[in-house]
Amino acid sequence: MKTGCERRLDKSFRNAPVLALYPHSRLVLISDCHRGVGNSNDNFLKNQHLYFAALRHYYAHGFIYIELGDGEELWENRRLAAIREIHSNVFWLLSLFQKENRLYMLYGNHDHVMKYNREFPHHEGLVLKICHTAPRGGGQYGSVSRGAGNTLRSPGCLELYLTHGHQADMLNSTFWKLSRFLVRYLWKPLEQMGVLDPTSAAKNYRHRQRSEKRLSAWAVKKNCYLVTGHTHRPMLGNDETRYFNTGSCVHPSCITCIEIEDGSISLVKWNVETRQDRSLYVSRSLLAGPLSLFD
């Protein structure tokens, strides 16, 4: 008998779009920006410059941008227009990705209402189908493959399933409206006093661990690789766990994401570093990988 988590994940991918993944493809997977309205509860605000610098890099280098949910903080805030006004530079750059068909948006529990957004269409799931043969002409964003030292080699496992990951627990999926009510009217004011939301997988260790085990179990059962956000804990999986996590854009001093380039998958972070002359710069560094997705 299927668990509730399994049924919810199955439903998420029932009519999910499928995107071909070639050895020359370039994709960046980012989750949990939680863009707010610029007040003390806007957790994205402290990393907005890191995020914008990273986005400009990925745009300039021909990456497809995939956002895995909770892009907007619409539990604590009611109006998307207010978020767009504060972070207008982000939405401007996202529109450039969209004009070039390089934008895929998924919704999570905190931005579930974006499911109905017409300007930036959102899905609950997206499937990346690994294709060893590139289309004629090499594709628009082709590059020379450099290979990788390690490989994910699970036989027959040729797809990556992308979703937010809130399906792992009922309170954040089936009863998301109740959770939104509690966050908006109870935990939001308490957060300003330093009280953490105990229902959040990102802030409750046991809740996070339980969610990750459920997500990993589903991926193993389905013989696929599953990439999510939600728990905010960055992770590069393997053939045993089959589970990957992008991390988030609301870490204390960095943002993390997953890159797919030259047929390999890597976990990276962006943060501020200091040069010898004490000037600051935005740095990209490798946290884990690369792991080859192609034999």
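This is a predicted model: local features need pLDDT of at least 70, side-chain atom pairs count only at pLDDT 80 or more; totals for chains, interfaces and linings use all residues.
Mentor: A salt bridge is a side-chain nitrogen of Lys or Arg within 4 Å of a carboxyl oxygen of Asp or Glu.

Trainee: How many salt bridges does the structure hold?

Mentor: The structure holds eleven salt bridges, and one of them joins the side chains of Asp10 and Lys2, with 2.7 Å from N to O.

Trainee: Are Asp10 and Lys2 buried or exposed, or something in between?

Mentor: A residue counts as buried when its relative accessible area is under 20%, as exposed when it is over 50%, and as partly exposed in between. Asp10 has a relative accessible area of 14%, so it is buried, whereas Lys2, at 42%, counts as partly exposed.

Trainee: Which parts of the chain does the salt bridge of Lys221 and Glu6 link?

Mentor: In that pair the closest N and O atoms are 3.4 Å apart, and it links distant parts of the chain, since Lys221 lies in helix α6 (residues 205-222) and Glu6 in helix α1, 215 residues apart. Lys221 counts as exposed because its relative accessibility is 55%, while Glu6, with a relative accessible area of 13%, is buried.

Trainee: Where do Arg284 and Glu259 lie?

Mentor: The side chains of Arg284 and Glu259 meet in a salt bridge of 2.8 Å, N to O. Arg284 lies in strand β13 (residues 280-292) and Glu259 in strand β11, so this pair ties together parts that are 25 residues apart in sequence. Arg284 is partly exposed, with a relative accessible area of 37%, but Glu259 counts as buried at 4% relative accessibility.

Trainee: Why is strand β11 described as largely enclosed by the rest of the structure?

Mentor: A general idea comes before the case: in a regular strand the side chains alternate between the two faces of the sheet. In strand β11 (residues 254-261), seven of the eight residues are buried, and therefore the strand is largely enclosed by the rest of the structure.

Trainee: Which strands pair with β11?

Mentor: Strand β2 (residues 26-30) pairs with β11 in the antiparallel sense over four bridges, and within this pairing Val28 has Glu259 as its bridge partner. Strand β12 (residues 264-274) also runs antiparallel to β11, and eight bridges join the two, with Cys254 standing opposite Asn271 in β12. The hairpin of β11 and β12 has two residues between the strands, and in this hairpin Asp262 takes a positive phi near 55°.

Notes:
Residues are numbered from 1 along each chain as its sequence is written. Side-chain values use heavy atoms; hydrogens and water are left out. Buried means under 20% relative accessible area, exposed over 50%, partly exposed in between (1.4 Å probe, protein chains only). Two strands pair if DSSP finds at least two bridges between them.
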